[in-house]
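Dear colleague,

I am handing over the structure that we talked about, and I would be glad if you could look through it alongside the notes below.

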Amino acid sequence: MTDQGTWHDAAALSALSEGEPYGIEIGHHHIALYRVGNEYYATSNICTHAEALLSDGMLDGCEIECPLHMGRFDIRTGEALSSPVEIDIQTYPVRAAGDRLEVCLPA
Ligand code: FES
């Protein structure tokens, strides 16, 4: 438990491949995990435009492109970068714990 939320086990680090978004569910949270080099990121997996799964999209550097209408978000900040998306996505803190990745979700 932190001021921001609670840490949850999310995935094996070995399950996360460079450039391949990985979708998981923790409780009612739909989360997309990403690996860029040796850095890991987590965002909501639901596009803010029309609810497509971002884990089905294409990761280009630190930008995820939605598979439905090609809107883009910055996975580091959640910022909506290109039309038709206008609303940012939620991002979540992550940390490595041994060979696992943990994500901090709101309580
Ligand atoms: Fe993602 Fe439309 S559903 S851009």
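**What was found**

For residues 8-103, the UniProt record, in an unreviewed entry, lists "domain: Rieske"; such positions are given in the numbering used here, feature names are shortened, and annotations may be inferred rather than shown by experiment. Over residues 8-103 the chain is 0% helix and 48% strand, and the end C-alpha atoms are 5 Å apart. Helices (H or I, at least four residues) and strands (E, at least two) are DSSP runs, numbered from the N terminus.

Please keep in mind that this is a predicted model, in which local features need pLDDT of at least 70 and side-chain atom pairs count only at pLDDT 80 or more, while totals for chains, interfaces and linings use all residues. Residues are numbered from 1 along each chain as its sequence is written, and side-chain values use heavy atoms, with hydrogens and water left out.

The largest nonpolar core has 16 residues, and those with the most contacts inside it are Tyr 34, Leu 54, Ile 64, Phe 73 and Ile 75. The largest share of this core, three residues, comes from strand S3 (residues 29-36). A second, separate core of 14 residues includes Ala 10, Ala 11, Ala 42 and Leu 105. Here a nonpolar core is a set of buried Ala, Val, Leu, Ile, Met, Phe, Trp, Tyr and Cys residues joined through side-chain atoms within 4.5 Å, and buried means under 20% relative accessible area, exposed over 50% and partly exposed in between (1.4 Å probe, protein chains only).

Leu 59 lies in strand S5 (residues 58-60) and counts as buried because its relative accessibility is 12%. Not counting residues up to four places away in sequence, Leu 59 touches, among others, Tyr 34, Ile 64 and Ile 75, where contact means heavy atoms within 4.5 Å.

Ile 24, placed in strand S2 (residues 22-26), is buried as well, at 11% relative accessibility. The C-alpha atoms of Ile 24 and Asn 45 are separated by 8.2 Å, although these residues are 21 residues apart along the chain.

Cys 66 is buried at 3% relative accessibility, and Cys 104 is buried at 3% too. The count of disulfides (pairs of cysteine sulfur atoms within 2.5 Å) comes to zero.

Finally, the charged end of Arg 95 sits over the ring of Trp 7, 4.1 Å from its centre; the rule asks for NZ of Lys or CZ of Arg within 6 Å of the ring centre and within 35 degrees of the ring normal.

With best wishes
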